[in-house]
Amino acid sequence: MECQEEKPIIYTMENKPIVTCAGDQGLFTSLYTSLAQQLPREPMEWRRTYGRAPKMIHLEANFVQFKEELLPKDGNKALLTFPFLHIYWTDCCDTEAYKSTVKEDMMRWQNSLRTHGSADWVIIVVETNDTKKKNKTNILPRSSIVDKIRSDFCNKQNDRCVVLSDPLKDSSRSQESWNSLLLKLRTLLLMSFTKNLGRFEDDMRTLREKRTQPGWSFCEYFMVQEELAFVFEMLQQFEDALVQYDELDALFTQYVLNFGAGDTANWLGSFCAPVNNWSGLLLRRPIDMEKRDGIQRGEASLLDLRSYLFSRQCTLLIFLLRPWEVTQRALELLHNCVQELRLLEVSVVEGALDCWVFLSCLEVLHRIEGCCDQAQLAANCSHTVGLWAYATDKLKSLGELCGLVSEKGPTSEDLNRTVDLLAGLGDERPETVSSLQSPYKKLKEALSSVEAFERHYLELSHAAMEMYRAISRLRSARLVGKSLAEFYMKKGDPEKAEAFLQEALKSYVSEGWSLPVTHTRKQIAECQKLLGRTEDYFQTSALLAGDANLTMEERKHFCQEILTFAGKSEDQSDKVTLSMGVFSQLTRLQFQPATASVHSGAVLQVEINLRCLMPVSVHIQQLAASIHFDLERAGTNGRSKGAARQTIPGTVEFSHDTSSAGPSSSSGGPPLELEEIQDRSPTDNSLNSTGVVCKNTHLVMRLPESISPPDTPNCVSPPAVTLKEGAQMLKVQDVTLEPGNNSITFTAPSGQPGTYTLRQLFATVGQVQFVLPHIYPSVQYEVYSQEPQLTVEPLSEPLLAGLSQMVKFTLLTGHYTVKKGDALQLSNIDTMPILPSTSCSARISNPTGELVGESALSIQSSEKVTSISLPATPPYHTLEFQLEVLCIIPSGSDHPPNERLTNGEVRHRPRSYSHPDTPMTAIDQRMSIDCPWSIYSTLLALTFYIPFKTKHSLLSAGNRKYIQLESLNTKTQQLLCSKHSLFCLWEVRWQDDLPSCLQCVFSTNFSPLKQDVSAFKPFQYQFQLERVTTLYSVRAEILPPAGEQNCRSGFLCGLEVCITRLTEPAEGEIAEDSKTDTEGLKTAKLMYEVADSSSNWAVCGKSSGMVSMPMTADATHKVQIEVMPLFAGHLPFPKIKVLKYLPHTAAVAIQPDPDSCVENDSLSLLDKALDDGGDTASIRSRGSVHSVGSGDQQQRGVAMPRLEPFSPGQVFNHIHTQQVLVLPATDDHIMEVNAT
């Protein structure tokens, strides 16, 4: 019986909730098939306690015959054998039969249930038409059998009696009856589940809370919570079942961690027993009953508990279609078990744990392969590769332990150890006996011989590397390769080992892992030494000699290896070329002079700083640097090359990587962003654990696939470099480099002009030559050949015309040697003579600016040439001397460019001009100099500024004329400071008729302060005046509105404009402006315009018009215009402009500005209106409009009517200073105040 009861536990997927059936067994048997098929068809919503989310489940049941033995006894907490529902079946419709037999049977059934506390029951009455007809005479008149049963057994639970009508018929009534019955059974089953599972969980929770009490056993609690997991699995709620096992896993793990921290539990003693069996995980059974029984008896070891727990988790995860989570959990389990055995101090045979891990890895992989196809395995190899690598590592450990890796093979002691390990595996499990590739057979075969072990190890290693490469985890692949290299080293095959080590080294170097780099280099050096590759071995030895991660003894050992070889016989065939970067680092290079540019033949020194990486002093026979000479970039012109020399740095700093790696070297990765994390207890906030997490792991661990690994000497040895005979080099002999920084000075060749580039650096130590193949950044210096240069510059800025000024002549001799008798020939200029001087000396200085000599100059002047004899001067020196010059101020007024004269001609700009950087007028004086080193003349220019800026203007007061000059006044002596102005005023009077043009000359003496005036020529200013006669006068009067004495704002007023001719027309004016009218009088047409730019007045009606003025003295024309004052107060008069109107028949004297023309569409109207002598207000002006018509037409030579302003003084306006009083408008409520 016990085996029959445990059978559902073994095959958990066949377990179903138990439902007992009492009563008519024949009736139940006839309905069993339909009931078992229809019950799980419809899902039911299962609402659980404690706020857990509801779930839809399909209910199944295991219907068994009712026996009192199936009812739970007191203290029995087994849920799998617990009957969740009890059904009594009957189809009795006869009253007598009910009273005699059925009622008594029901009472016995209910009494049994009540005795065992089972309240989940239901009575099903099956009604058919046949039974009703047969017993029709015995039916009670007022009540049925169902009513009788409900009254006898279901007084308060009428729903516990269900009627099933015609169950075997295919009718709607039968189907409806079936649906009602099935719904009732599902509801009662769910209610029973909820009630009994809730009670079971409460009991389990109570038991868990007693875990701190003495005598509490984890194994007993394990069986209780697993019972709950079995129930969830029975209901196909695999996620909830998995949660139960995860909680058990976490609880046990916490106890183990507490044990390691000193908090022990008594029940842990059974798990601290020595491990006697290490057969690995067993995942091919739903339940490993052997291990479960051991847990139930409290005799299971730690590995047994972990194996059983993981096997159950694996089964549920596969049911949940999450096989890849199995691999992840398996890897965590294997690592954690190793640590837990150490924490619990469990005694384990050496190598037993490696066997258990190896077998477990392969068992998990075989289990996953059994539920996935090859395509899925290939696509998800990232989940399984960790197990492959872990199994490889453990197999290697077993091989080393059993002597299967050494060259000599296993010893007798190794064989005995192998036998003990295989004995601990026990017999092979029945599930894997027929499998040829079972983990058990693989391990046993691998440990049986050296050849078998090598085959299995290589197979696993290459499989793991291929998987890592397939998922782009190259670091992990190279780590497996490094382990494989260690295997080959122990097997005595260094050639295969070096290939894997070099691959791993590339990864470590590119990512900056210094300690792995050091360790791998030591292994590579061992391989290279065994293979006899001398150059590669010394290359690696030099790297290790300068590696700070090694001890000083190790570094000295590798350095001595190199020095011992270097001191051998000088046989050219035995010479070895190594990289300079492994021996020393170029940190700094400095030129003296710092400009890194000298003239040919000068001394240039190069100082380099080398940081020696060797742990001891090293004597160098020769240190040299090769130089590349570029003749095409040789400098010949001093000024142009002087600008280029500024771009060459005099000091070059080298970083550690670029000095040897060149421009392709990549910089280090991003810095680590570390953050502390703490795990505190939620109850008392005590610190449980602390750690450090990297926040930017995705950046630090990212593999720079797009960047090629740096071409450093750490990976590849540089090629041998042969020196060409006769090549220019920097050399120094017999240098001793001390550990650390060293300074070496070279003298650079500078004989031939050009650009010299340092390309390579060589250090010769006996038979070993260290080479720096590329010096980066590029280092250059320049040797130039400079042509002589002569410059002239003033001693003080600016140079003033009219005053004697000192100018400095500077001669840079360049490559030319100034001999005694060489002279400069200066061509004399009338406007800038060179003043004689009794004492004039020349200063000679070297390239550094130091004065080396001073000599008197001999100056001889003739009518056309001034000769200056130069003293003897060496090449690349500077000769300086000073001369006194005088620039004569030109006479004449200043006019802007393209200023037009009155006759229409363009005035040409004189030699003087206005400089944009200063308000003074500038004069350029050019001189020609003949030099002895050139057949061509040198042209030099000096810019002088006229110290006076003079302007004149014509002022009028009626017919009286005044000339005003802005510069000086008429005092006998006046001090004039910078940016000061003086004004002079003269009245012009004439006796006879005034000429059309007046020529004027203004002259004044000047001198600097406290100097004699007689030593300086007078300053003259010439100008001319034209058309100075006043032709017209303009008067105006503003009349208030009718009935008012004063003007008021907002009211129209009258503006009366009176234009009067003052003089008779001149001869030229008659020919140009006049027109004869019908009466024979000469008339001139004038244009007037009234405008107010200050917005004080509003012009109402016409604002402009034409006037035909008779050309006789005192001829007058008046014009009436309506204006409105906008503000109150003393307002100035509106502005009145008078212009000349020239008809289209008049000659074009001045080319008009197109922008000042009136639009073309008003030409015909305007011309007609003007010819008729009428007034118009339609003339549109833009600013000061002087012409009418299209600019394009005028430019094509078509004569168009135009407006032309009068010359200054020809029209005298009397209203410029007139004002009129304007009163405010009458308003009792609003007062406007205008403050200005």
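I take two strands to pair if DSSP finds at least two bridges between them; strands (E, at least two residues) and helices (H or I, at least four residues) are DSSP runs, numbered from the N terminus.

The model is predicted, with local features needing pLDDT of at least 70 and side-chain atom pairs counting only at pLDDT 80 or more, while totals for chains, interfaces and linings use all residues. Residues are numbered from 1 along each chain as its sequence is written, and side-chain values use heavy atoms, with hydrogens and water left out.

**Entry 1: strand β30.** I looked up the partners of β30 (residues 878-886). Strand β23 (residues 804-812) runs antiparallel to β30 and is joined to it by 9 bridges; Leu811 has Leu879 as its bridge partner there. Strand β26 (residues 841-845) is also antiparallel to β30, with 3 bridges, and Ser845 is partnered by Thr878. Strand β25 (residues 834-835) pairs with β30 in the antiparallel sense over 2 bridges, where Leu835 has Glu884 as its partner.

**Entry 2: two helices.** I then examined α11 (residues 323-343) and α12 (352-371). Their axes, lines fitted to C-alpha atoms over the stretch in contact, come within 10 Å and cross at roughly 170°. Angles run from 0 to 180 degrees between N-to-C directions, and those over 145 count as roughly antiparallel; α11 and α12 are therefore roughly antiparallel to each other. The contact (heavy atoms within 4.5 Å) includes Trp324 and Leu334 of α11 and Trp356 and Val364 of α12. I noted that its residues divide into 15 nonpolar, 2 polar and no charged. Here Ala, Val, Leu, Ile, Met, Phe, Trp, Tyr, Cys and Pro count as nonpolar, Asp, Glu, Lys and Arg as charged, and the others, Gly among them, as polar.

Key: Parallel < 35°, antiparallel > 145°, perpendicular 65-115°, else oblique.
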